[in-house]
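Hi everyone, thanks for coming.

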Amino acid sequence: MKNIQPITPELIYVGASDRRTALFENIYPIPRGVSYNSYLLLDEHTALVDTCDASVREQFLENVEAALGERRLDYLIVNHMEPDHAATMMDVLSRHPEATVVATAKAVQMIEQFFGTQAASSQIVKEGDTLSLGRHQLVFTMAPMVHWPEVMMTYDQTDKILFSADAFGTFGALSGNLFADEVNFEGEWLNDARRYYINIVGKYGQPVQTVLKKAAALDIRMICPLHGPVWRSNLEYFIGKHDVWSRYEPEDKGVVIIYGSIYGHTEAAALRLGALLSERGIKQIKAYDASRTHVSKLVAECFRSSHIVLASSTYNNGIFTPMESLLLDLKAHSWQKRTVALIENGTWAATSGRLMRAELEQMKEITIVGETVSLKSAAQPSQEEQLAALADAIVASI
């Protein structure tokens, strides 16, 4: 059964949601599913803006045919060639061989790489090029490395709509409400939006800043991303979040405690530090077990908060592996501008603190506060004073 929704009288949502896939990109857990958004513009000429993932192929193709009716498809606009948006491209073109693919030169190259063939007709566009559909005048703006090199965005000058590719997207399947102002976005969607941005795009802060500057020069009344709800109101709120994230600034002044504990002794010390911070007036402390919390959530939380406590057991004379994985991921995502406190543990050789510090020193503008609290197997009553001193140092730095 078709499931299409009007956005404007001439713009139809033809995407679909997937609640069956467990891991997005085979990495990131998506317990709330994910939407794959595609849009059809109906004018004197018709244009399909991006396609969908293979997981929703049947629903997507049925939607496109229902929205087109008896009309031909004139253009297929490819903003992004990643398979979650391009896997069904050849299905569309096999049904509509008359369609001209509109894409960047790099995207056209990638079509050959993925499918071993090209569309019968292609139109390569670059920065500022335009396409007239009749009433609708489209302008193409390049967005390389947000988050692939071939990415562009399409701006409808007529209705002031930005088709933003992967920018301004989020994890989460759509349940019928298509617009962000129809859902509790801050309460139910923001964490997934942050986790999506930080893990998918977070490494590319400078290219995102470049795109945000381009967007600021446009009169945008609606944002149509490739994942998640469509934005038609309060755009400055969501754009502002991306500005903070892409500048690597913390969203919140607070403390996130992440511990890697084998038998519970490192965990006990980390949680005792949390209690001491609470006694000193720190609110909204968040604590996570690195062994039980997916690293994508930990990375997102480290981006969200201003202060991070890393508490790790020593494992095979190294950092406990879940904590080591987190540090490598943070480095890979260009994490920076944060304050960090350290707790280490080791029965015969506590080396994790020194090794964590060495990893942090390879990152930009990371301030390590207080003295590393070093445990021998378990925290002793005499170490309460050391934990209290570390709590004082963290509070003083907030």
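Quick housekeeping. This is a predicted model, where local features need pLDDT of at least 70 and side-chain atom pairs count only at pLDDT 80 or more, while totals for chains, interfaces and linings use all residues. Residues are numbered from 1 along each chain as its sequence is written, and side-chain values use heavy atoms, with hydrogens and water left out.

Now the overall picture. The chain has twelve helices and 23 strands, and its C-alpha atoms fill a box of roughly 80 × 40 × 35 Å along the principal axes. Of the 398 residues, 55% are buried. Buried here means under 20% relative accessible area, exposed means over 50%, and partly exposed is in between, using a 1.4 Å probe and protein chains only.

Gln 113 is exposed, at 54% relative accessible area. Gln 113 and Gln 380 are 267 residues apart in sequence, and their C-alpha atoms are 60 Å apart in space.

Is H5 mostly covered or mostly open? Mostly covered: 13 of its 17 residues are buried.

Next, aromatic rings. A pair of rings is described by the distance of the centres and the angle of the planes. The rule is that rings of Phe, Tyr and Trp (its six-membered ring) pair if their centres lie within 6.5 Å; planes under 30 degrees apart are stacked, over 60 edge-to-face, and the rest tilted. By this rule there are 16 aromatic pairs. Take Tyr 13 and Tyr 39: their ring centres are 5.8 Å apart with the planes at 70°, so this pair is edge-to-face. Tyr 13 lies in strand S2 (residues 11–13) and Tyr 39 in strand S7 (residues 39–42), so the pair ties together parts that are 26 residues apart in sequence. Tyr 13 counts as buried at 3% relative accessibility, and Tyr 39 does too, at 1%.

By contrast, Phe 185 and Trp 189 are stacked, with 6.4 Å from centre to centre and 10° between the planes. They sit four residues apart in H5 (residues 185–201), which is about one helical turn. Phe 185 and Trp 189 are both buried. They also belong to one aromatic cluster, together with Phe 168, Trp 231, Tyr 237 and Phe 238.

On to the sheets. Two strands pair if DSSP finds at least two bridges between them. Five strands form an open sheet in the order S12-S13-S14-S15-S16, with mixed pairing. Which strands stand at the edges? Strand S12 (130–132) and strand S16 (222–224): each has a single partner strand, so one side of each is left without a neighbour in the sheet. Inside that sheet, S14 (residues 152–156) and S15 (residues 161–163) pair in the antiparallel sense over three bridges, and Thr 154 has Phe 163 in S15 as its bridge partner.

Then there's strand S17 (residues 252–260), where seven of the nine residues are buried. S17 pairs in the parallel sense with strand S19 (residues 305–315) over seven bridges, and with strand S18 (residues 286–289), also parallel, over four bridges. In these pairings, Ile 258 is bridged to Leu 310 in S19, and Val 256 stands opposite Lys 286 in S18.

The peptide bond from Val 146 to His 147 is cis, with omega near 5°, and His 147 is in the loop between strand S13 (137–142) and S14. Asn 316 has a positive phi, near 50°, though it's not a glycine. Asn 316 is found in the loop between S19 and strand S20 (318–319), and is exposed at 67% relative accessible area.

Note on methods:
Helix = DSSP H or I, 4+ residues; strand = E, 2+ residues; numbered from the N terminus.
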